[in-house]
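The sequence and structure come first.

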Amino acid sequence: MAYESLYERFAVKGAGGGSISVEFRRAGFLTLGDMPELYFFAVTGEEVVVGISGSALKRFEKSRRLSREEKIDLAGFWLKKQMEAGAALESKNLFLRDDELAEIAGSLGIQA
C-alpha cells in the first residue's frame, strides 16, 4: 500500500486564534555542505523553506529509502510543530537534524 501524504495541505491555529493555511509547493536540494533536501511551503502567501539534513537522511535511510510523500510529511509536520510553538519561520528553526528527524518520523509512524 502506498503512503499517502498528510501534510501536503494543512492548517495551523494562529496566535490570534485564526486558522493559517499551509500548502506544499515543491522540493529541491542543495549541492553544498551535507546536501540538504529543501521543501517549500506557501504560508499565507509567503514561501517558507524547511530543510532536512542530507547526512541525517542518509543515516535514517540505511535500511530503506523514504518516499517523496514521507519526506514531505516530515517537513510539513516539523513546520506545523514549529508554527504551533510560535517559533519564527527562520532557517535555524526549520532545519531537521538527526534527533528531530527521528522524533518526527516516530510521531508519524514512519519506520527506517
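My entries on these topics follow.

**Basis.** I note that this is a predicted model, in which local features need pLDDT of at least 70 and side-chain atom pairs count only at pLDDT 80 or more, while totals for chains, interfaces and linings use all residues. Residues are numbered from 1 along each chain as its sequence is written, and side-chain values use heavy atoms, with hydrogens and water left out.

**Pocket.** I looked up the largest pocket and found about 290 Å³ of space in it. A pocket is an open set of points on a 1 Å grid where a 1.4 Å probe fits, with protein on both sides within 12 Å along at least five of seven lines; lining residues have an atom within 4 Å of a point. Among the lining residues are F29, E37, L57 and K71. The largest share of the lining, 4 residues, comes from α1.

**Helix pair.** I then turned to α2 (residues 68-84) and α3 (residues 98-108), whose axes come within 10 Å and cross at roughly 100°. The two helices are therefore roughly perpendicular to each other (65 to 115 degrees). In their contact (heavy atoms within 4.5 Å), the α2 residues include F77 and W78, and the α3 residues include L101 and I104.

**Salt bridges.** I recorded 10 salt bridges, each a side-chain nitrogen of Lys or Arg within 4 Å of a carboxyl oxygen of Asp or Glu. The side chains of E37 and K71 form one of them, at 3.1 Å from N to O. E37 lies in strand β3 and K71 in helix α2, so this pair ties together parts 34 residues apart in sequence.

Note on methods. Grid points are joined across faces, edges and corners, and a volume is the space filled by probe spheres set on the points. Axes are lines fitted to C-alpha atoms, for helices over the stretch in contact, and angles run from 0 to 180 degrees between N-to-C directions. Angles under 35 degrees count as roughly parallel, over 145 as roughly antiparallel, 65 to 115 as roughly perpendicular and the rest as oblique.
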